[in-house]
Amino acid sequence: MMVAACTLGATAAHPKSYSTDASHPGTVKVMSFNMRSWMDNDTADMAWPRRLEPCRQMFIHQMPDLVGTQELRASMLPAAKTLLPGYGCYAHPQPADATDKQTGQGVIFYRLEKFEPLDSGFFWLSATPDVRSRPWNSTDHHYRSAAWMKLRDRSTGQVVWFVTTHLPYKKDPVDTEVRAKCCQLIIDQMTQIAGRDATVFVTGDMNASHAPTDTRRASVEPFFQHMHSARDEARVSDNQSSFNGYGRVIPGVEGKNLDHIFYWNAEPLVFETLNRPIYGPVRWISDHYPIITTFIF
């Protein structure tokens, strides 16, 4: 499928250096970020216009190579593009009879200086992934999908595959079963599309953690069985909560690591939850913290 190359302006500032390995040509900085769709009750510091500049500062400071976003609706996308100068983007087409409020709208950004886009596509998280449909019998009632890109590293020629997704959020037992089906579908689809020998990164808000105390733990079990977790496998990592609920969640509380980066055929160096209030006047740039990992691949 054609790549929507949303080419933006000049490049941003130099990236944060995690380790001596991070400057190696065979490294990639991967981010997942639920940017929080602009809800009517999001006022004051939680309003999207108020969060724009702090989000821009975060991207400049981190300068990720690949970003998988969630909840970035069409009305927010033009402004979001200005936050990522020097990046292209791929947003899968929205059906004419379904709003992006119903679909969650995941968008992929890639640093143009680093990557050449080769291919892109998406599939629905359902029993019929090629046809718009809802995830099995989820009580969520939203359409869910996974967007993917195939990219070539301009300096090394190596190819990576990148996925972003957003799983159903309801907490009924049936939703835990549905999320597990969604995870398995992503694994199966990327096995067919990219192959198990490829370097694949899957990012997203999975609406479940792998903590023993999380009743939704089984939701993400397929990823832990068939892929690797950057949070768990990185040489340096943290176990901070990725979901903050605009202050409703205590930092580090178990069971709130809802955002994940999974991978095949790469080596994670540093995993970090970007939960420090260093990006401007607002305390939270979203109700989720961005997570980022530097990989060797």
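Contact here means heavy atoms within 4.5 Å. With that in hand, welcome to a short tour of a predicted model, in which local features need pLDDT of at least 70, side-chain atom pairs count only at pLDDT 80 or more, and totals for chains, interfaces and linings use all residues. Residues are numbered from 1 along each chain as its sequence is written, and side-chain values use heavy atoms, with hydrogens and water left out. The protein has 6 helices and 12 strands; helices (H or I, at least four residues) and strands (E, at least two) are DSSP runs, numbered from the N terminus.

**Overall picture**

- Of the 297 residues in the protein, 58% are buried; buried means under 20% relative accessible area, exposed over 50%, and partly exposed in between (1.4 Å probe, protein chains only).
- Among contacts with a separation of 6 or more, 76% are between residues 24 or more positions apart.

- Asp153 sits in strand 6, which covers residues 145-153, and counts as buried at 1% relative accessibility.
- Leaving out residues up to four places away in sequence, Asp153 touches Pro25, Lys114, Phe115, Gln158 and Phe297.
- A polar atom of the Asp153 side chain lies 3.2 Å from the backbone nitrogen of Thr156. A polar contact is a pair of N or O atoms within 3.5 Å; within protein, one must be able to donate a hydrogen and the other to accept it, and residues adjacent in sequence count only if both atoms are side-chain atoms.
- Met31 belongs to strand 1 (residues 27-34) and is buried, with a relative accessible area of 0%.
- The C-alpha atoms of Met31 and Phe271 are 9.7 Å apart, although 240 residues separate the two along the chain.

**Salt bridges**

- Side chains of opposite charge can pair when their charged atoms come close.
- The whole structure contains 12 salt bridges, each a side-chain nitrogen of Lys or Arg within 4 Å of a carboxyl oxygen of Asp or Glu.
- One of them joins the side chains of Asp287 and Arg36 (3.1 Å, N to O). This pair links distant parts of the chain, 251 residues apart: Asp287 is in the loop between strand 11 (267-273) and strand 12 (291-296), and Arg36 is in the loop between strand 1 and helix 1 (48-62).
- Asp287 is buried at 7% relative accessible area, and Arg36 is buried at 14%.
- Another salt bridge brings together Asp65 and Arg111 (2.8 Å, N to O). Asp65 lies in the loop between helix 1 and strand 2 (66-70) and Arg111 in strand 4 (residues 107-111), so the pair ties together parts that are 46 residues apart in sequence.
- Asp65 is buried, with a relative accessible area of 4%, and Arg111 counts as buried at 15%.
- Arg111 also forms a salt bridge with Glu113, where the closest N and O atoms are 3.4 Å apart; Glu113 is exposed, with a relative accessible area of 54%.

**Arg179, a buried charge without a salt bridge**

- Arg179 is found in helix 4, residues 173-193.
- This residue is buried yet has no salt bridge, and the nearest side chain of opposite charge, Asp175, is 5.4 Å away. For charge, Lys and Arg count as positive and Asp and Glu as negative; His and the chain ends are not counted.
- A polar atom of the Arg179 side chain lies 2.7 Å from the backbone oxygen of Lys170.
- Beyond its neighbours within four places in sequence, Arg179 is in contact with residues including Tyr169, Met206, Asn207 and Arg216.

**Positive phi angles**

- Most residues other than glycine have a negative phi, and most peptide bonds are trans.
- Asn207 has a positive phi near 50° and is not a glycine.
- Asn207 lies in the loop between strand 8 (199-205) and helix 5 (221-226), and is buried at 8% relative accessible area.
- Glu71 is also not a glycine, yet has a positive phi of about 65°.
- Glu71 is placed in the loop between strand 2 and helix 2 (77-82) and counts as buried at 16% relative accessibility.
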